[in-house]
Amino acid sequence: MTIDPSTSNAAVSAAGLELHYGATPVLRGIDLSLGQGKTLALLGPSGCGKTTLLRLVAGLLAPSKGSVAIAGQIVADAATNAFSPPEKRNLGMVFQDYALWPHMTVGGNVSFPLEMRGVSRADRERRTLHALDRVGLSAYAGRRPSDLSGGQQQRVAIARAIVAEPQLILFDEPLSNLDRELRENMVGELAELIASLGLTAIYVTHDHSEALTLADQVAVMRGGLIEQLATPDELVAQPATPEVADFLRLGGIAELERRDACWVFRNSDIALMRADEGRTDNSRVLIPVAAITPGDIQPDRLAATVLRSQFRGDGHLATVSLIGADHVELQVLSRHKLKPGDGVGLLIDHDQIRWFAHPVHSPQ
Ligand SMILES: Nc1ncnc2c1ncn2[C@@H]1O[C@H](COP(=O)(O)OP(=O)(O)OP(=O)(O)O)[C@@H](O)[C@H]1O
């Protein structure tokens, strides 16, 4: 499959993209299109193919099948063997390990892409200082990278990636080496910088909160495929599959079966709610955190036992298992600290339950 550049005005697009290592498929048919000035996050568990997809866009790998276009120009096409190397793609790249040259000053690192492009010295100095200024480091131009903190080194790498004003900037888990607090601050800063420079960006991460904070579009990947490509709001409101909902930690996934006039947790006698007419199949549902109010155990509530609990800023997020349906694990947010083994009663707002389209078939 090949993109027709004459019909694509996307900043980046991929069509039918596959990558195999020997007989092993790592990417199995990726189609995407990203508009000018937009940020796409590639989100997914380790090994799902995020970095491989980024490297195909960068030109660090060539596709086994399919094509990639940047700004309407084909840069790789397996069918015709067309391939532009990274230096011809007008990209900036930021990696997890910063990849700064230790023997050069901060200014030398940042100006290097301009030197490679033959930009005059005076112009280089001006543009380097401007890029360092954008990331708040103009006072550090004469220092060595080793004299800087991890967060400052990553800002230098970002300055180096933007100095030549690339048409596209690629981030490969750029914040994962930083501690949590710094990472949370830098996500916001990075989002502002990307927006203020009007950059088109692709951002690889396995952290769902980073992806949802930064990106206009999020591609949730699994097993070499894009499971869902949507805006952050759409993903949270309408995860396409239980796997997407689970990866985004939107709540607990449960399998239900219709018994008499009730929806019952599968392999249990615990009823969740009365069944509407119409739906007759077994179903998988998401019970979002926000749908559950925890309290004391009472007859009108589902009884559960706390498995584990973690403080998360706005309360204690606990994983609980239902008494009588131990295999069902749900997440609840409690203002009070919950300890493993505590009993808790759950009031569930049925209107917030999300039903997935594909029914589960019972084993024969
Ligand atoms: N050079 C290679 N040879 C063979 N298999 C490879 C090679 N590089 C990557 N793979 C395999 O391709 C799959 C996807 O790797 P990739 O690095 O793209 O995943 P990822 O989603 O970025 O994971 P992570 O978050 O751990 O970096 C993995 O199963 C990996 O083992």
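Among contacts in the chain between residues at least 6 apart in sequence, what share joins residues at least 24 apart? That share is 62%, where a contact means two C-beta atoms, placed from the backbone, within 7 Å.

This is a predicted model, so local features need pLDDT of at least 70 and side-chain atom pairs count only at pLDDT 80 or more, while totals for chains, interfaces and linings use all residues. Residues are numbered from 1 along each chain as its sequence is written.

Of the chain's 364 residues, 39% are buried; that takes 20 or more other C-beta atoms within 10 Å of a residue's own, with 12 or fewer for exposed, partly exposed in between, and C-beta atoms placed from the backbone. The secondary structure runs to eight helices and 21 strands, taken as DSSP runs (H or I, at least four residues; E, at least two) numbered from the N terminus.

| Group in helix 5 | Residues |
|---|---|
| Buried | Val187, Leu190, Leu193, Ile194 |
| Exposed, on the face turned away from the buried side | Glu181, Gly188, Glu192, Ser196 |

Cover for the buried residues of helix 5 includes strand 3 (39-43), helix 3 (121-134), strand 9 (201-205) and helix 6 (208-214). After helix 5 comes Gly198, with a positive phi near 65 degrees.
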